[in-house]
Amino acid sequence: MIPMPDGPKVGHLIQLAEFMKEDLRAIYDNPHGTRRALISRGRKNAKTTETACLLLLHLAGPESKDNTEVYSAAMSRDQAAIVYRIAAKMVRLSERLLESIVPRDTIKELYCREYGTLYRALSADAATTYGLNPALVIHDELGQVKGPMHALYEALETATAAQSDPLSVVISTQAPTDGDLLSVLIDDAMESHEPTTVLRLNTAPMELDPFDVETIRLANPAFDVFMNQSEVLKMAEQARRMPSRESSYRNLVLNQRVEVSNPFVTRAVWEANGEEGTLRTIYGGLDLSETNDLTALVLYDPHTGGVEPHFWLPSEGLQERARQDRVPYDVWAEQGYLRTTPGRSVEYEFVAQFLFDLFQSRDIRKIAFDRWNMKHLRPWLIKAGLSETFIDDRFVNFGQGFQSMSPALRNLESLLLNQKIFHGGHPILRMCAMNSVVRMDPAGSRKLDKGKSRGRIDGMVSLAMASAVASEDQHEKQVYPVDLDSILEGHAA
């Protein structure tokens, strides 16, 4: 009964593609009943049109219930307006629907007089989302949410408690990282096998050729039905020629979890350096945490390319932090990838003793460090048995500003691109690598930005420092120039 709202067949009744019919069967023919449905595929697979069809199904179709409310939730006013516009067009193009449904454009509502049902398009910047009583909520493009929680999602999901059998449908391309809300929901659906949760995921595996037509088809069920194939293939070719476009292409077209905003290293490049390495002549980078954050020490051998990461977190509250960051710190601790110290903060005494033992047993040439917390570590290093002279000789102050970090990142980037790093697939270092986002100043200099990154990046900061100090010591050339800003800040302090 629903007409096409746009395109060359506008006004003709919609003929659902087979993959859309399968979506409907999965949701409405589920013998256990469906509480939540997650539908994720690449862009331009008519996700917004399918969203509009679903909300009309519950507003005036056989799934409608008298005097109930239906909502679509979008991350922006513009996206919310698009969903409403498509649904309102469908209504206005159908005489039969228009007899029962009243469009209210100014407030983006559709009201069905026959059943007393109401649809409203909501956005994340709406004044309030409380006091709602939805029977159906459609979360549009939830993959745009950064982090594991979002106020609009939480408000609508808790509001469904008043309904006897509410339904939530998420229709979106994937989020960029594992710690984002949509990724959390998808992973939970895959692991829990909850029968009332339906998962419809079309994505291209990371190991496949991203530019191959068959790979594109895996994430785009509409590719051979109604997609503009030439445009999609042009996007693939642009991404092949320009690496800066690859992340966006992987996320939006191949529906892969890939960070779009200025990642320091792509997943493919990182995994290409994943072999085990050996270390003999060792340099290190030490990123000390303030209190209860991740402390990282990464060792690096410039001759072999071997990398050996070490990480510390406080043992108290470890499971709570794992839930908060959406990463398995507790599991990593059991597996030996993460060291813990007693209490609720990382005790530098244990880090100092570990460093002392390293100097006794390994050929450690230099360790670069961020000076801000070194004053707290230094007394413990002396207590562990290192002399003042030894500390001054082996520990190198490394600024964290653009002047120091930009050449360090350029050096590390070259090593990674040429597959001269062998990190062995350490899961915590991998997490830091995938979280690392670059910030650029007007002059084009770069540094890793903890504020813009989606999670911990301490391991990558340490690796950048280690590879930079190794390059300087080995070649007797200055890889990281004196950071005058840091020196001036230190004098001012």
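## Helix pair α2 and α3

In this predicted model, α2 and α3 are oblique to each other, a class for angles that are not under 35 degrees (roughly parallel), over 145 (roughly antiparallel) or 65 to 115 (roughly perpendicular). The axes of α2 (residues 47–59) and α3 (residues 77–92) cross at roughly 60 degrees and come within 9 Å. Axes are lines fitted to C-alpha atoms over the stretch in contact, with angles from 0 to 180 degrees between N-to-C directions. Helices are DSSP runs of H or I with at least four residues, strands runs of E with at least two, numbered from the N terminus.

The crossing is right-handed: the near helix is turned clockwise from the far one by less than a right angle. On α2, the contact (heavy atoms within 4.5 Å) includes Thr48, Ala52 and Leu55. On α3, Ile82, Ile86 and Met90 are among the residues involved. By class, the contact has 10 nonpolar, four polar and no charged residues.

## Positive phi in two loops

Most residues other than glycine have a negative phi. Lys44 has a positive phi of about 65 degrees. Lys44 lies in the loop between β1 (36–40) and α2. Its relative accessibility is 59%, so Lys44 counts as exposed (over 50%; buried is under 20%, partly exposed in between, with a 1.4 Å probe and protein chains only).

His193 has a positive phi near 55 degrees. The loop between α6 (181–192) and β8 (197–201) holds His193. His193 is exposed, at 63% relative accessible area.

## Basis

Residues are numbered from 1 along each chain as its sequence is written. Local features need pLDDT of at least 70, side-chain atom pairs count only at pLDDT 80 or more, totals for chains, interfaces and linings use all residues, and side-chain values use heavy atoms, without hydrogens and water.

Key
Ala, Val, Leu, Ile, Met, Phe, Trp, Tyr, Cys and Pro count as nonpolar, Asp, Glu, Lys and Arg as charged, and the others, Gly among them, as polar.
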